[in-house]
Amino acid sequence: MKNETNHLRRIFVVTLVLSVAADLLYWFLVGPHVPPGSMTSTAHDNQLDFNILLVIALPVLIGVWVFLGYSIANWSAKRANVPEPQGGASARTNMKAQVLWITITSVVVLFLAGFGTVELMVGNGSGGGEGPNPVWEPAGAAKAETAALTSSATWAPGKVLVVQVIAQQWKFTYRYPQFGGFESPQLMLPDNTTVAFNVTSLDVIHSFWAYQLEVKADANPQENNVAFTTTKQLGNFTVRCSELCGLWHGAMYDYGKVQTQANFATWATTTESANAANTAVLPAFAWTYVPDANGAAGGYYPDGTVTPYSSVEVYGAKQAAS
Amino acid sequence: MTISAERPTKNVATGTPPGSSHRGEPWTQRPGWLSQHLGTAIIAAVLGYVFGHWLGNYITSGYPYIANSGQNSAANALALTFGVVGWLLGIGALNYPLAKLVGREPVHEKPVEGWTRYFRYTLDHKVVGLQYVVGVLLFMFTGGLLAMAIRTELLSPTTHVFGPGTYIEIVSEHGTIMMMMATSIIVGPLGNYFVPLMIGSRRMAFPRIEAFSFWIFIAGYGVIFSALPYGGFPTGWTGYAPLQTQAGPGMISYLLGFAVIGLGMMAAGFNIAATVINCRAPGMTWSRVPIFVWSILATAALLTLATPTLFAAGLFGVLDKTVQTAFYVTEHGGSSYLWENLFWFFGHPEVYIMALPGFGIVAEILPVFTRKPLFAYKVAAAGMIGVALLSFFVWQHHLFQSGINPDMRPLFMLTTELISIPTGFIFLVGMGTLYRAKIRFEVPMLFAMAVFFNFLIGGVTGVFLSDVPVNVTVHGGFFVLSHFHYTIMGGLLFAFMAGLYYWLPKMTGRMMNKKLGQWHFWTMFVFFNLTFFPMFVIGLLGQPRRVFTYARNLTILNDFSSISAFLLGFSFLIFFANLMWSMYIKPVRAPANPWDSLGLEWQTANPIPEYNFERIPVIMTDPYHYSESGAPALADLGVGVSNATDSSSSSRSKK
């Protein structure tokens with residue numbers, strides 16, 4: 001039994017030393033640079049989450065690896081003087097080890113689940129798509145979302161900005177209901193502002209992944225998938241589709257920009273008036289849109305003149321905004 | 001199941017006396033090319049396909065939406081369905097049920113001798129096991145070539161080897177074929193071959209269902225590749241609707257392919273579960289069942305219970321595409337979420353269908369090479385059952401960002417993280433068995449150790465994915481891709497290799513070359529990690545899955561991964577060379593029990609007689625009494641059988 005304690009103690013000590021070193025090195029050297037950075041509140045929070053998970057994971061990895069390495073080094077049959085292994089009941093089971101292992105893994109796992117849940121709630125969904133009825137949302141979001149469907153919705157610095165992301169094969173467009181519902185191929189956002197992304201699709205399932213913003217929400221046809229974040233830094237960011245959506249999925253990306261609130265307001269009002277003629281022929285702002293009967297990737301807004309090929313008459317006819 | 005103590009005078013699987021003349025038998029039972037075999041199956045499949053296509057066109061040609069579209073999915077679906085039926089008729093899988101159906105006394109399948117039995121509908125589980133070995137290797141090499149093509153395309157962010165359509169086809173075929181392969185890679189070859197031997201049975205519970213599961217598995221290969229002439233399918237292996245509904249006729253091959261493979265999975269699972277439950281030898285109590293058999297039983301339960309969902313989901317998709325139903329068409333009252341939920345309700349147990357047999361193999365061979373009993377046997381078995389049960393309650397973690405009911409997410413985060421507790425049992429068992437052992441690093445052991453290394457990374461990264469906030473970063477990117485390659489390839493495939501190197505001497509009577517085996521292992525292990533570890537970083541740096549363009553700053557990482565992947569592909573050529581060399585070119589006769597295992601399967605005669613055991617063994621204890629002086633003998637094998645192993649306790653204490 002004395003030997004046994006020595007082996008385990010050695011493995012434990014080596015694991016402990018390596019884990020502490022690895023955790024410290026990771027936390028201070030690597031952690032701050034882990035993607036997606038800290039451009040938004042969700043990016044910052046989720047980076048922290050990732051780092052905490054990794055700091056917990058490293059000792060687990062190191063522990064098992066040290067054990068494997070130790071076994072290979074010490075108990076290889078090729079080594080001289082390796083004692084004959086002992087079979088029998090003591091080698092078959094060890095209640096202490098089993099209880100300890102199960103307890104430790106259970107505690108870690110339950111902690112992680114609790115921690116993840118708290119972070120998800122505190123982070124207002126952590127930038128992930130919460131479906132049409134978000135349960136965790138930032139202050140002012142519900143009010144801004146409700147107002148967005150009315151033509152009188154406006155935005156001012158400090159208020160929640162409502163942006164609609166419309167995905168279709170194979171591009172994203174963005175509508176700004178608080179600026180008359182104009183549509184833009186570019187995603188522009190103001191700094192230090194909470195944004196409510198309302199993600200929908202006109203055809204197949206896409207996924208709106210604004211990488212540096214740490215927002216990811218699937219775009220489903222006839223479904224509004226809401227995700228929140230708060231911008232913290234100026235700069236450019238990348239938007240990619242992260243759900244396979246067909247032929248040009250690999251080319252479905254664009255770039256957006258977080259600018260100062262004043263610059264954003266200028267851009268938005270300028271674009272609103274420049275696009276006024278186009279906006280007038282768009283369907284009224286709604287959370288979802290039904291594509292016309294010419295097919296998912298054909299004409300993408302109902303015009304009421306196409307002949308439905310389906311026996312369902314409403315399909316292809318002009319849709320009321322829901 | 002007969003458990004008579006005497007050697008049977010009749011073949012137990014078929015009820016016919018051995019060695020009787022073939023004269024006067026129906027032509028389907030004759031040996032040689034006149035009978036039913038692979039050739040007749042192919043001919044019948046082609047005829048069935050042509051007939052089905054004609055029928056589909058005949059039935060549906062009057063509908064304007066078909067006339068105008070230039071595509072006829074109904075004709076495709078019927079062609080493939082009749083093709084598969086033709087295949088089954090041609091190979092003889094339907095002889096027995098059809099005869100029963102029309103009220104005639106069915107002709108019993110005769111045991112076939114010689115190499116031709118591998119190309120026929122054969123009821124011997126050992127033949128089916130070897131057929132499966134070749135079958136899964138066929139799947140694996142095809143899928144592997146497609147993987148090479150993917151990595152070739154990803155060498156450059158902007159220069160393209162393939163067009164976007166071809167690339168998506170390749171990605172989709174790779175994913176689907178590999179998933180199909182992975183469902184059967186251990187259960188099929190090693191499960192069918194060794195479960196009866198390990199539990200002391202003379203056969204599987206339902207030999208016809210077993211042979212059926214193999215031949216329909218091969219039919220699935222044909223069905224899934226029938227997509228290629230139709231331009232493939234663009235959905236990846238997950239087949240998400242509405243892209244599925246929008247896709248061309250190749251999509252039918254995907255949907256029916258999974259349905260066909262699904263039939264095989266259900267049949268195999270049902271048969272194995274029935275075998276393990278009913279055909280254990282006397283004395284083979286649940287606490288003596290080898291741990292590999294436990295893993296296969298848990299897998300069989302998942303196969304039987306999860307696959308029907310996939311089967312139904314696939315048929316809904318076929319109906320959507322052929323007769324214009326709207327299961328997945330949102331505009332008509334269906335839901336794209338329906339497919340996602342049905343698919344992953346199957347898809348997540350599927351993940352454990354791929355993990356559990358690997359755990360089983362590793363836990364089974366560790367004691368042999370450490371000369372120690374399996375540590376915490378009951379914990380290992382409980383872990384497998386726990387994983388199997390929990391796997392039905394985690395599927396929505398695939399949908400965390402999809403817009404599902406948001407307050408379901410903490411629940412699925414919890415269940416997903418809970419599953420790491422029983423998974424962790426396997427590590428406890430492994431480490432407990434290695435502790436103060438005397439480890440022989442033979443090739444199977446190298447692969448088994450690699451499973452622990454790889455699966456640990458795969459498992460730990462799984463916890464990252466299950467955390468909803470972190471999932472926002474990693475969902476749908478290369479991180480998740482790397483994660484599941486670490487679990488499926490790093491876990492399952494390495495375990496399969498361990499099992500193959502370990503058991504091929506028993507299956508074929510020939511040893512695999514050790515030197516080549518070591519080369520195979522080290523190249524596979526090193527280049528597997530060099531291929532997939534960078535993908536974690538690539539994913540964190542923002543590369544989504546299934547893209548052919550990526551950010552320029554990821555070129556070096558992608559190139560590194562690609563070149564490692566080519567070398568990983570090369571390691572499989574070493575394996576193939578070893579297989580050819582050791583089996584055909586320079587075969588070396590295997591000793592009866594080359595690894596000094598105590599397992600029951602090694603104590604049968606060599607080569608294994610068709611009825612496995614001269615007498616049904618009476619099991620005395622479990623097969624893990626290594627290094628134990630005075631341990632009881634494993635089994636009473638009866639007289640004149642076991643020259644394979646000296647199962648006396650004195651030899652055991654020396655090991």
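Start by selecting Phe447(B): leaving aside residues up to four places away in sequence, Phe447(B) touches Phe494(B), Met497(B), Ala498(B), Tyr501(B) and Phe521(B) (contact here is C-beta atoms, placed from the backbone, within 7 Å). You're in a predicted model, where local features need pLDDT of at least 70 and side-chain atom pairs 80 or more, while totals for chains, interfaces and linings use all residues. Residues count from 1 along each chain as its sequence is written, and chains are lettered from A in the order written.

Now widen the selection. Phe447(B) is among the residues touching the most other members of the largest nonpolar core, which has 281 residues (buried Ala, Val, Leu, Ile, Met, Phe, Trp, Tyr and Cys joined through C-beta atoms within 7 Å; buried is 20 or more other C-beta atoms within 10 Å). Pick helix α18 (478-508) of chain B next: its 20 residues are the largest share of this core (helices are DSSP runs of H or I, at least four residues; strands are E, at least two).

Hop to chain A and show β4-β10-β9-β6-β7, an open, mixed sheet of five strands in that order (strands pair if DSSP finds at least two bridges between them). At the edges sit β4 (187-190) and β7 (215-219), each pairing on one side only. Zoom in on β9 (235-241) and β10 (253-259) of chain A: they run antiparallel, joined by six bridges. Thr238(A) has Tyr255(A) as its bridge partner in β10(A).

Last stop, the interface: 86 residues of chain A contact 81 of chain B. Colour the chain A elements giving two or more residues to that side, including α2 (41-74) and α4 (95-122).

Key. Two residues are in contact if their C-beta atoms, placed from the backbone, lie within 7 Å. A residue is buried if 20 or more other C-beta atoms lie within 10 Å of its own, exposed if 12 or fewer, and partly exposed in between; C-beta atoms are placed from the backbone.
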